[in-house]
Amino acid sequence: MVSLSCSVSSPLIICSSSSRSATLVRTINRCSYKQKKIICACMAPPQNLRSEGSFPSKFNDPCKPEYLSTVRDPEDDSDILIECRDVYKSFGEKHILRGVSFKIRHGEAVGIIGPSGTGKSTVLKIMAGLLAPDKGDVYIRGRKRAGLISDEEISGLRIGLVFQSAALFDSLTVRENVGFLLYENSSLSEDQISKLVTESLAAVGLKDVEDRFPSELSGGMKKRVALARSIICDTTKRALEPEVLLYDEPTAGLDPIASTVVEDLIRSVHVKGEDAVGKPGLIASYVVVTHQHSTIRRAVDRLIFLYEGKIVWQGMTNEFTTSTNPIVQQFASGSLDGPIRY
Ligand SMILES: Nc1ncnc2c1ncn2[C@@H]1O[C@H](COP(=O)(O)OP(=O)(O)OP(=O)(O)O)[C@@H](O)[C@H]1O
């Protein structure tokens, strides 16, 4: 099972019978339809980990530096966390994805870019297991995902989704929002969860906001709270699986300085970064869907360019502005002239 909560109607969230859970669920059920959109955050590691050693042993401790080596055998696919193979997706008559294939490896920071409506968010949702492809497959650490995440067939990787809107529950405090999945899915005490919430908030540079409600936060703070919610996990578990975070337009609507703060936070919670309290980040890899050039430059190392349902270019971030691909050139310059038509 992928460690991700998808909607308030998901069994992942409302399965617990504990009284604290019931209180939260009652609260959530009073939320507006708008709030019933996907919320995502990491949760306690899944229980259905296979023990037959089907995963490469290098993933036993994703934080050890030796697993982050940049020298990689090009044939070595053991570090692939998520792979989309020839994925197709249509909505009615609209053919959005038309044979998309790519791999996300351990330690990577990848951006998905492309014109509006080209299917970037759709790809994220398919990677997360919130949408099923019409054709093609998604592999999680080498194993084909059978359906959506609620199928509980996939384990070995936690996937968190951070939405543009932050998707916080207005009627819950910051503590309840950040600790939501631990309240729901772990046996930790309230005090333990509260401590983890405070640590998670500190990692994204927030202090003394636990008792506030989302309406009392700025847009940038809400994004940080959403990030804290996505990185919190039950650290008392013996084996923590690697986590991939998927960010959908994390800097949309922010001023340039607030964007820089969020871009640096995204870097800081990655295994190659250091969080706000100086600890190494725990996120194995991340994927960012963005339109913002600053986010492309600052927050990711590799880019996947999606256009008309296909990947038309892939490359390192520093190759983006020098690419001779006319689609990429037009997108990078923002020109009205070129193959991309609006
Ligand atoms: N659940 C859905 N039902 C019907 N159409 C959908 C659904 N989800 C997405 N679409 C359509 O699929 C297309 C791609 O949407 P998507 O949000 O993936 O694009 P995007 O590249 O992320 O766009 P943007 O950059 O504007 O956010 C759009 O035309 C959208 O209206």
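Start with helix H3, which lies across strands E3 (109–113), E6, E7, E8 (283–289) and E9. H3 runs at about 155° to E7. Angles go from 0 to 180 degrees between N-to-C directions, with axes as lines fitted to C-alpha atoms, for helices over the stretch in contact; contact is two C-beta atoms, placed from the backbone, within 7 Å. Helices (H or I, at least four residues) and strands (E, at least two) are DSSP runs, numbered from the N terminus.

Two points on the source. This is a predicted model, where local features need pLDDT of at least 70, side-chain atom pairs count only at pLDDT 80 or more, and totals for chains, interfaces and linings use all residues. Residues are numbered from 1 along each chain as its sequence is written.

Now the sheet. Six strands form an open sheet, ordered E6-E7-E8-E3-E9-E10, with mixed pairing; strands pair if DSSP finds at least two bridges between them. E6 (158–162) and E10 (310–316) stand at the edges with a single partner strand each, so one side of each has no neighbour in the sheet. On average, neighbouring strands of this sheet are turned by 20° against each other, direction ignored. E9, residues 302–307, pairs with E10 in the antiparallel sense over six bridges. Tyr-307 has Lys-310 in E10 as its bridge partner.

Next, the ligand. What surrounds it? The shell is Phe-91, Lys-94, Ile-96, Ser-116, Gly-117, Thr-118, Gly-119, Lys-120, Ser-121 and Thr-122, taking C-beta atoms, placed from the backbone, within 6 Å of the ligand. Strand E2 (94–105) and helix H3 (120–128) are the elements that give two or more residues to this shell. H3 supplies the largest share, three residues. By class, the shell has two nonpolar, six polar and two charged residues; Ala, Val, Leu, Ile, Met, Phe, Trp, Tyr, Cys and Pro count as nonpolar, Asp, Glu, Lys and Arg as charged, and the others, Gly among them, as polar.

Last, two backbone angles. Asp-208, not a glycine, has a positive phi of about 55°, and its place is the loop between helices H6 (190–203) and H7 (219–231). Asp-208 is exposed, with 9 other C-beta atoms within 10 Å. Glu-249 also has a positive phi, near 45°, in the loop between strand E7 (243–248) and helix H8 (256–268). Glu-249 is partly exposed, with 19 such atoms within 10 Å. The cut-offs are 20 or more for buried, 12 or fewer for exposed, and partly exposed in between, with C-beta atoms placed from the backbone.
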